[in-house]
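Please look through the sequence and the structure shown here, and then read the report beside them. It is written for a reader who is new to describing side chains and their contacts.

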Amino acid sequence: YYFRGQLLAQLGLHSRALEDFNRSYSLGFRPAELFAARGRVAQLLGRYEDALGDFGQAIFWDPENARYYAYRADYFRSQGTYHTAASNLGQAIRLDPELAVARHYQGLLFYDLGLFPEAIRAFDHAISLDPGLADAYDSRTAAEYQEALFAKTGLRTQAFQDLSSSEARRA
């Protein structure tokens with residue numbers, strides 16, 4: 001069930017993949033990779049509490065796997081919990097500085113914060129580590145566009161503006 005679930009997830013059949021992952025779990029299959037895969041699919045389906053729990057279980061079973069921290073960081077970033085995302089990314093990068101997906105997620109975090117030059121550098125780093133990481137090219141293009149737009153208009157993304165005003169209120 002686990003391997004069929006992996007295949008179904010790759011085909012974009014996320015609901016069916018989740019059913020197979022759950023069946024695999026009910027039969028006693030508990031490797032960390034199962035939790036990580038199930039968490040990724042749950043996140044895609046908008047089942048955020050399930051995703052967070054599964055990422056936590058993956059880390060519990062294999063705390064030295066940088067990829068699981070990166071996945072959890074992407075979850076926190078997608079929820080707007082930027083400090084927690086940064087902490088998880090830091091752990092992923094400490095465990096494996098050459099993990100391209102962690103550098104890509106780091107770029108996405110910078111992008112969400114309106115830090116476009118930093119995002120571009122992170123995307124470039126991800127691409128240098130894995131030239132086949134197509135999402136990093138797309139993300140870099142978006143960051144380059146936003147940086148050019150900022151240079152022309154002086155406007156940052158809404159997330160950056162929200163974070164800046166939130167920090168100003170705390171000060």
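## About the model

The model is predicted, and for that reason local features need pLDDT of at least 70 and side-chain atom pairs count only at pLDDT 80 or more, while totals for chains, interfaces and linings use all residues. Residues are numbered from 1 along each chain as its sequence is written, and side-chain values use heavy atoms, with hydrogens and water left out.

## A buried arginine

Arg 72 lies in helix H5, which covers residues 66-78; helices here are DSSP runs of H or I with at least four residues, numbered from the N terminus. Arg 72 is buried and yet has no salt bridge. The word buried stands for under 20% relative accessible area, exposed for over 50% and partly exposed for what lies in between, with a 1.4 Å probe and protein chains only. A salt bridge is a side-chain nitrogen of Lys or Arg within 4 Å of a carboxyl oxygen of Asp or Glu. The nearest side chain of opposite charge to Arg 72 is that of Asp 54, 11 Å away, where Lys and Arg count as positive, Asp and Glu as negative, and His and the chain ends are not counted.

The side chain of Arg 72 does have a polar contact of 2.7 Å with the side chain of Asn 88. Such a contact is a pair of N or O atoms within 3.5 Å; within protein, one must be able to donate a hydrogen and the other to accept it, and residues adjacent in sequence count only if both atoms are side-chain atoms. If residues up to four places away in sequence are not counted, Arg 72 touches Leu 52, Phe 55, Gly 56, Ile 59 and Asn 88, contact being heavy atoms within 4.5 Å.

## Salt bridges

The structure holds seven salt bridges, and one of them joins the side chains of Arg 77 and Asp 112 at 2.7 Å, N to O. This pair links distant parts of the chain, since Arg 77 is in helix H5 and Asp 112 in helix H7 (residues 100-112), 35 residues apart. Arg 77 counts as buried because its relative accessibility is 16%, and Asp 112 is buried as well, with a relative accessible area of 17%.

A salt bridge of 2.8 Å, N to O, is formed by the side chains of Arg 140 and Asp 124. Arg 140 lies in helix H9 (residues 134-153) and Asp 124 in helix H8 (residues 116-129), so the pair ties together parts that are 16 residues apart in sequence. Salt bridges that share partners also join Asp 74, Arg 77 and Asp 112 into one network.

## Aromatic rings

Rings of Phe, Tyr and Trp (its six-membered ring) pair if their centres lie within 6.5 Å, and planes under 30 degrees apart count as stacked, over 60 as edge-to-face and the rest as tilted. By this rule there are five aromatic pairs. Phe 55 and Tyr 71 form a tilted pair, 6.2 Å centre to centre and with 45° between the planes. Because Phe 55 lies in helix H4 (residues 48-61) and Tyr 71 in helix H5, the pair ties together parts that are 16 residues apart in sequence. Both Phe 55 and Tyr 71 are buried.

The rings of Tyr 75 and Phe 76 have centres 5.2 Å apart and planes at 65°, so this pair is edge-to-face. Tyr 48, Tyr 75 and Phe 76 form one aromatic cluster.

Terms used. Helices (H or I, at least four residues) and strands (E, at least two) are DSSP runs, numbered from the N terminus.
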